Amino acid sequence: MSLSQETIEIIKATAKPVAENAEAITERMYEILFEHYPETQLLFKDASPDQHKKLAAAVGAYAANIEKPELLGAALEKMAQSHVRAGVQPEHYPVVGVSLLTAVKEVLGEAATDEVLSAWKEAYFFLGDLLIARETALYATA
Ligand code: HEM
C-alpha cells in the first residue's frame, strides 16, 4: 500500500504546524490514551520521562520525509526494537492512533479539517503497518 498523492500534499502542507506543536500534541495524546485505555500505561513503565514524547516527533519527521520513506529506515528499526522491548502489540496501534488524532484535532483547532485529519490518519496507519510488520518479525525470532 502507498499513500495517495492527495494525502502526501496535505501532509506536506500541515507538517510544519504539527511539528511546531508536536510537544503539546503528544502530551495531550498520552492524557487521552491513559484516560481511555489505562492498560497501555504499563507499557511505559520503564520509559524515560521524555522518551515517549518522541512519537509525535517521529510522525513529524515521517511527514517531512513523506516522499523519501527510505530515509526513515534506521529510525523505524530503532522504534520497532523499543516497541518489542516494551511489549507493544498490533492491537495497540488503533488506540494510539485514535488518541493521536483526537489530540491533533484539539491542538490544531480549526486548521484540523476533516481532510487534514483523514490524511494524518492514513499516514499514521501507513507508518504503523510498517512498524507492525517489523515488530512481528522481531517477535518471531526472539
Ligand atoms: C506510528 C506509530 C508509532 C510511532 C511513530 C512511534 C514512535 C516511537 C518512538 C520514536 C519511540 C522512541 C524510540 C527510541 O528512540 O528508542 C517509541 C518508543 C515507544 N513507543 Fe512508540 N510509536 C508508535 C506507536 C506506538 C504504540 C501503538 C504504542 C503502544 C502503546 C507505543 C509505545 C511505545 C513505548 C512503550 C515505547 C518505549 C518507551 C521507552 O521505553 O522509553 N508506540 N515509539
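Which residues are buried in α5? The legend to Figure 1 answers this. The structure is a predicted model, in which local features need pLDDT of at least 70 and side-chain atom pairs count only at pLDDT 80 or more, while totals for chains, interfaces and linings use all residues. Residues are numbered from 1 along each chain as its sequence is written, and side-chain values use heavy atoms, with hydrogens and water left out.

**Figure 1. Helix α5, residues 92–108.** Helices (H or I, at least four residues) are DSSP runs, numbered from the N terminus. Buried in α5 are His92, Tyr93, Val95, Val96, Gly97, Ser99, Leu100, Leu101, Ala103, Val104 and Leu108. Here buried means under 20% relative accessible area, exposed means over 50%, and partly exposed lies in between (1.4 Å probe, protein chains only). The end C-alpha atoms of α5 are 24 Å apart, which agrees with the 24 Å that its 17 residues should span at 1.5 Å a residue. The expected span is 1.5 Å times one less than the number of residues in the helix. Gly109 follows α5 and has a positive phi, near 60 degrees.

**Figure 2. The contact of helices α1 and α6.** Two packed helices are described by the angle between their axes and the distance between the axes. The axes of α1 (residues 5–20) and α6 (residues 114–141) come within 9 Å and cross at roughly 100 degrees. The two helices are therefore roughly perpendicular to each other. Axes are lines fitted to C-alpha atoms, for helices over the stretch in contact, and angles run from 0 to 180 degrees between N-to-C directions. Angles under 35 degrees count as roughly parallel, over 145 as roughly antiparallel, 65 to 115 as roughly perpendicular and the rest as oblique.

On the α1 side, the contact (heavy atoms within 4.5 Å) is made by Thr7, Ile10, Ile11, Thr14, Ala15 and Val18. Glu115, Val116, Ala119, Trp120, Glu122 and Ala123 make it on the α6 side.

**Figure 3. Thr7 in helix α1.** With a relative accessible area of 6%, Thr7 is buried. Leaving aside residues up to four places away in sequence, Thr7 touches Ala119 and Glu122.

**Figure 4. Helix α6 along its length.** The 28 residues of α6 should span 40 Å at 1.5 Å a residue, and its end C-alpha atoms are 40 Å apart, which agrees. Among the buried residues of α6 are Trp120, Tyr124, Phe126, Gly128 and Glu135.

**Figure 5. The iron atom of the ligand and His83.** NE2 of His83 is the single donor from the protein to the iron, 2.0 Å away. Donors are N, O and S atoms within 2.8 Å of the metal (3.2 Å for Na, K and Ca); water is not among the atoms, so sites may look incomplete. His83 belongs to helix α4 (residues 73–86). Arg85 is also placed in α4, and at 68% relative accessibility Arg85 counts as exposed.

Figure 6. The 15 residues of α2 reach 21 Å from first C-alpha to last, close to the 21 Å expected at 1.5 Å a residue. Buried residues of α2 include Ile25, Met29, Tyr30 and Phe34. At 69% relative accessibility, Asp46 counts as exposed.
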